[in-house]
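Welcome, and thank you for taking a look at this one with me. Please have the chain open beside you as you read.

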Amino acid sequence: MISRHAIRATVAVAVLLSLRAVSAQQAAAIPVPGGIAAIVHEEVITWGELNRRVNDYLRSQPEPINPAIADIVRDRLRRQFLDYLIRQSLLLQEARRLGITAEEPEIAARINEDIKSLRKQGHDIRDEDEFYTLLMQSRGTTREEHREQTRKSVLIEKLLWTRVFPPRELVSPGERREYYRTHKSEFQSPSELTFRQIFLRRGEDSLEIISVIDRALDRGVPFAELAEKFSESPVPGGLWIKKVDEIEKWPAPLPEKLKSMKPGEVARAIDTSRGIHYVKMEEIAMGETRPFEDEEVQELIENRIRYARHRERERRFIDGLREVFHVEVLLPDPAPIAAAPSAPVSPDATSDPNPTPADDAGAEGGVIQDVSPDTTRPKKKDR
């Protein structure tokens, strides 16, 4: 076991090296791969681990990262992965302290569930060996790495279900009715979307223009004003009014992204195959509403109420672990971005250069896979 004094001594050296590197390269360098990004009680999270996970994630995406905003995307992903790894480390150390273990049959059962899930998605997987071959080809994950991650997932699930989440608790009819009343839009299907879009072609100055737009949005500059100034699409004010079925043929996952946004919400610097997009949802015309009495609606409401309760309990539990276990984050602030030119980019096209935009999840930081259990179904407690 590494002592805290030894960890701090290592951290001091790593930080010194990092500061020298940053000074030499004007705060643009990433600390050496072996440097420490965070200390979580008796464990450390290294820059090498963060960068490996970021690279693995980016390789799994259908399109390569846009070089113009690569630094921004990598920084967002790195910070998301660090939050995820700190949470995982806290939960695993608490599980170890409580003597919770993951037995081989539990790990095997979970892997079997993974195989069944992939088969439902259309993968022709006959046995476990073919499953690991697919993992290596698609993610670069070895058998040992996947089994270790599965073991951690089982440990965290057992900890949460035995120490944090209560047995299947009652959701009263009044709570269901109130949830339905205050979240009615979740049970409606949108029929028409009104949104504004800023479209930028990729170029050497893309990063600078993104910086200018982001700072302007932070200051509260109206989106329509920025669309008039910066968008390379000839659509006046960047305003679009589209039936939902009209955007279904736009490259995925932009249709789902647009359908999931709420009025007033802004999606920033979305990197696509055609360029870079900013979108602000202005108005949503809703279609039919599923009735409260619908059995599927009732089940959905109950699951969402339980999920919200469990996530809040988990948050409080992790906050408590942070008070017990020492956590120190050594991730430096993002590197400063050079000032952008004041002149806007003027479109010279006479027709819309962006007829079928596409969203790239990586540009928004992506979705980091969680190892939390499915909180919509109860699990047996340890005896």
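1. A word on the basis first. This is a predicted model, in which local features need pLDDT of at least 70 and side-chain atom pairs count only at pLDDT 80 or more, while totals for chains, interfaces and linings use all residues. Residues are numbered from 1 along each chain as its sequence is written, and side-chain values use heavy atoms, with hydrogens and water left out.

2. The overall picture: the protein chain has 12 helices and 7 strands. These are DSSP runs numbered from the N terminus, with at least four residues of H or I for a helix and at least two of E for a strand. Of the 383 residues, 42% are buried (buried means under 20% relative accessible area, with a 1.4 Å probe and protein chains only). Among contacts (heavy atoms within 4.5 Å) between residues at least 6 apart in sequence, 78% join residues at least 24 apart.

3. Have a look at helix H3 (residues 70–97) and helix H6 (residues 143–163), which pack at an angle of about 70° with their axes 9 Å apart. Axes are lines fitted to C-alpha atoms, for helices over the stretch in contact, and angles run from 0 to 180 degrees between N-to-C directions. H3 and H6 are therefore roughly perpendicular (65 to 115 degrees). Residues that meet here include Tyr84, Leu91 and Leu92 in H3 and Lys152, Ile156 and Leu159 in H6. The contact residues of H3 with H6 divide into 8 nonpolar, 2 polar and 2 charged. Here Ala, Val, Leu, Ile, Met, Phe, Trp, Tyr, Cys and Pro count as nonpolar, Asp, Glu, Lys and Arg as charged, and the others, Gly among them, as polar.

4. Now turn to helix H8 (residues 206–219) and helix H9 (residues 223–230), whose axes come within 10 Å and cross at roughly 160°. H8 and H9 are therefore roughly antiparallel (over 145 degrees). Ile209, Val212, Ile213, Ala216 and Leu217 in H8 meet Phe223, Leu226 and Phe230 in H9. The residues of this contact are 8 nonpolar, with no polar and no charged.

5. The structure holds 5 aromatic pairs (rings of Phe, Tyr and Trp, the last by its six-membered ring, with centres within 6.5 Å; planes under 30 degrees apart count as stacked, over 60 as edge-to-face and the rest as tilted). In one of them, the rings of Phe131 and Tyr132 have centres 5.3 Å apart and planes at 55°, so the pair is tilted. Both Phe131 and Tyr132 are buried.

6. For Tyr180 and Phe292, the ring centres are 5.3 Å apart and the planes at 65°, so this pair is edge-to-face. Tyr180 lies in helix H7 (residues 173–182) and Phe292 in the loop between strand S6 (276–289) and helix H12 (295–324), so the pair ties together parts 112 residues apart in sequence. Ring pairs link Tyr180, Phe187 and Phe292 into a cluster.

7. What does Leu90 touch, not counting residues up to four places away in sequence? Its partners are Val40, Ile318, Leu321, Arg322, Phe325 and Val327. Leu90 is found in helix H3 and is buried, with a relative accessible area of 0%.

8. Finally, please check His41, which has a positive phi of about 55° although it is not a glycine. Most residues other than glycine have a negative phi. His41 is found in the loop between strand S1 (36–40) and strand S2 (43–46), and at 18% relative accessibility it counts as buried.

How values were computed
Parallel < 35°, antiparallel > 145°, perpendicular 65-115°, else oblique. Buried < 20%, exposed > 50% of the residue type's maximum accessible area, 1.4 Å probe, protein only.
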